[in-house]
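Biologist: Hi! Could you walk me through this structure? I'm new to this.
Modeller: Happy to, let's look together.
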Amino acid sequence: MAGNPFPLNKQQLLQAYRTMRTIREFEERLHVDFSRGDIPGFVHLYAGEEAAGTGIMMHLGDGDRIASTHRGHGHCIAKGVDPMAMMKEIYGRKGGSCEGKGGSMHIADLSKGMMGANGILGAGAPLVCGAALAAKYRKKGEVAISFVGDGASNQGTFLESLNLAAVWNLPAIFVVENNGYAESTSRDYGVAVDSYVDRAAGFGLPGVTVDGTDFFAVYEAAGEIIKRAREGGGPSLLECKMVRFHGHFEGDAQTYRASGEIDDIRSNKDCLKKFAAAVTAAGVVTADELKAIDHEVLGLIERAVVDAKAAPLPTLADLTTDVYVKY
Amino acid sequence: MARKISMKQAINEALDQEMARDPTVIMMGEDIVGGAGGNGEMDAWGGVLGVTKGLYAKHGDRLLDTPLSESAYIGAAIGAAACGMRPVAELMFVDFMGVCFDQIFNQAAKFKYMFGGKAETPVVIRAMCGGGFRAAAQHSQMLTPLFTHIPGLKVVCPSTPYDTKGLLVQSIRDNDPVIFLEHKNLYGLEGEVPEGLYTIPFGEAHVVREGKTASIVTYGMMVHRSLEAAAALAKDGIECEVIDLRTLSPLDIDTVLDSVTKTGHLVCVDEANPRCSIACDVSAQVAQRAFGALKGPIEMVTAPHAPVPFSPVLEDAYIPGALQIAAAVKRTLAGGRH
C-alpha cells in the first residue's frame, strides 16, 4: 500500500467521508420530500457545501461552540448532532432536536456545542463572541466559530463582532461560506471588496481564503487558525469559496442562475467527488470502502425519515411550555 | 434602623456582592470601568453616572469595557450566558436597544422555547430609563411595553433602593433573560437597604399604601408621584391604595384584582407612551376579569403619544405628575355608578 499523503489517517478519512455523505444524502432526501409536500415551512439545503463544514468541524470537540446560519443542517451533522433527531425536528415531531418547536432554521444541541441554526442573518456572530469569551474565562483552550454566508457578511452584527473579537483577543473564528449568492443576489453585487481577507485586515484580523470544495484545503487552513485561537493568538477569518447545489430555499426556481451552471458545478465542483477521487487515487481508501459508507448512509437516512414520520406530533399541552425556566 | 443608601449604591452593592459570591457573574458595557486603554486613571468613570464605580478594583477583568457596539456586546453577553456564564450587560440608556434589539428579542428571548427547552440564557441587561433629565427624545424613554410584549423576557423596573437590590440579585440568579430598567431620576433616592444579600421574587407587586376608595397601579418613578397624589387626596378623605408592580413581566395581576375588588376604582399610571402600554395591559385585564367589581370607569394617566421633548417646560408637562393622577382618581370616583 502506498504511503498516506494526507494529514488524516485512514479512519479519519473515512469519518470525514461519512460525515459529508450523511449531509449530502440528508439534504438530497429533504429536497425530494419537500417537493412532495411532506415537510412544512422553509428549508435551506447545504448540499454542495459539505467540505467546508466538515473540514472545519473535524478539529472541534463538544466543548468548542459554533453558531450556524439558516443553512444549518450540514453544520449540525458535522458537529455531531443526531441526524435522526434532526429529521424528526424538520418534520415537526416530538423527539426532534427541539421537540418540534424550532424546525429547520433553529436546530440546536448545546450538549454538542451547537448553539443553533439561526433564522436571522448574521445573528450568530455576536453570540460566538460570547461563547469565545466564556471559553477565555474557562481557560481550557476551547474556541467558538461563527458561520455566515457571503450575504450576511454585510450585516452590522458580523462586522461589529469582527472588531469586538479583535479588541478582546477572543478565541473566535469567523467563517464566511461564500457560495456566490445572497439568496438570489450575486455576491459580487452585494460586497464591494473582492476578498474577505481584505475585509478582515480592515478589522485587524488575519484572514485566509480557501477552495471550499476542497476538503483538504479547508481542513488544513482551519487547523492552523483554530490552533492559533486555542493558544491565545486571537480571532481569524476563513473564507471558503463554495457552491450551492440547490436554490436559496426549496421551491426556488433559480432563474437567476446561468443556464448550465448547476450541471457544471455538480460535474466539476462536487466536493464529495473530489474527495473520493483524491483518496482512492492515493490508494489510501478503496472505492468499495466508500461505497459501503454510501450504502450505510442511505439506510440511515431512510430510517430517519421513517422514524420521523412515525414520531408523535406535539400536543396542545406543549404550546406554552418552555417559554421560561420559571415564570 | 437599617442604614440608608441611594438606589445607585444599591445597584453597585448588589453587583459587587453577587460577583463576590458567584465567579460566573461577569459584567460588560460601555465605560462601565472607564478609561480603558488610556493613559489616565483606570476605573475613571464606573459607568456614565458612576453606578459601577469601584467594582473594577475588586473584580478586575470580570468587568469588561466594550467598544460602542451594542449589537456585538449585548449579543456576546447572551452568547456567554448560553455557555455557562451569568453576564450582566449594561446598555446604558434603554433608548439604545433599537440598535441591538434582534439579539434581545429574537435570540435571548427565544432560545429556551425554540430549542425545545434545552437552553438557558441567564443574562441580565441593565439600562437606564425614564425622563426628567432634560435628555430629550433619545435618552429619556421608558419603552417598558416593548419588552413585556416579548415572551421569554422578564422585565423589572424598581422604585426604591430596597427593591432595587433585592430584585437585581434575583435577576442575576434568575435563569431567564431579564431586562432590568433603572429610572435615572431615582438614582439619588435614598432608602433603607440591608447590608447582606437578599432576593425579592418576581411577580410580586408591593402594596405601598393601603386604601379602600380607589386603586392606583403603577411602577418606577410614577410610584412616588402616585404616593404624592394619594397623600393629597387623603386630605379630602379619599383613601387610595397604591400598588407598585415592581416586575412587569411576570405581572402580579392578582394583587391588582384583589385591590380593585375592594375599592371598585382603578387608575393606571404609566410614564410610558399610552398605546399598548403597561397601563393598557393592566386596564384590559381588570376590565376582563373584574368588570363586575368596577364602580367607575378605568382611568389611565400616561405620557402623551409624542416623543420626550427637550425644553424643561415641555418635559415637565410631558411626565405625568401628582396633580394629573389626583384628577384621574376624582374622575373615576365622579363617573361612578351609585
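Biologist: What does B:Cys268 stand opposite in strand 14 of chain B?
Modeller: B:Cys268 stands opposite B:Met300 there. Strand 13 (residues 266-270) of chain B and strand 14 (residues 299-302) of chain B pair in the parallel sense over four bridges. Two strands pair if DSSP finds at least two bridges between them. Strands are DSSP runs of E of at least two residues and helices are runs of H or I of at least four, numbered from the N terminus.
Biologist: And how does the chain cross from strand 13 of chain B to strand 14 of chain B?
Modeller: Through helix 10 (residues 278-289) of chain B, in a β-α-β crossover that is right-handed. That word applies if, with the strands pointing away from you, the path from the first strand over the helix to the second runs clockwise.
Biologist: Quick check, where do these numbers come from?
Modeller: This is a predicted model, where local features need pLDDT of at least 70 and side-chain atom pairs count only at pLDDT 80 or more, while totals for chains, interfaces and linings use all residues. Residues are numbered from 1 along each chain as its sequence is written, and chains are lettered from A and ligands numbered from 1 in the order in which they are written.
Biologist: Switching to chain A, what is the strand order in the open sheet of five strands?
Modeller: The order is 1-2-3-7-6, with parallel pairing. Strand 1 (65-67) and strand 6 (207-211) of chain A each have a single partner strand, so one side of each has no neighbour in the sheet.
Biologist: How many bridges join strand 1 of chain A to strand 2 of chain A?
Modeller: Three, and the two strands run parallel, strand 2 being residues 144-149. A:Ile66 stands opposite A:Ile145 in strand 2 of chain A.
Biologist: Now the two chains together: how many residues of chain B are in contact with chain A?
Modeller: 33 residues of chain B are in contact with 35 residues of chain A. Contact means that the C-beta atoms, placed from the backbone, lie within 7 Å.
Biologist: Which helix of chain B gives the most to that side?
Modeller: Helix 3 of chain B, with nine residues. Helix 3 (70-81), helix 4 (101-108) and helix 5 (111-114) of chain B each supply at least two.
Biologist: What kinds of residues are on that side of chain B?
Modeller: They divide into 16 nonpolar, 12 polar and five charged. Ala, Val, Leu, Ile, Met, Phe, Trp, Tyr, Cys and Pro count as nonpolar, Asp, Glu, Lys and Arg as charged, and the others, Gly among them, as polar.
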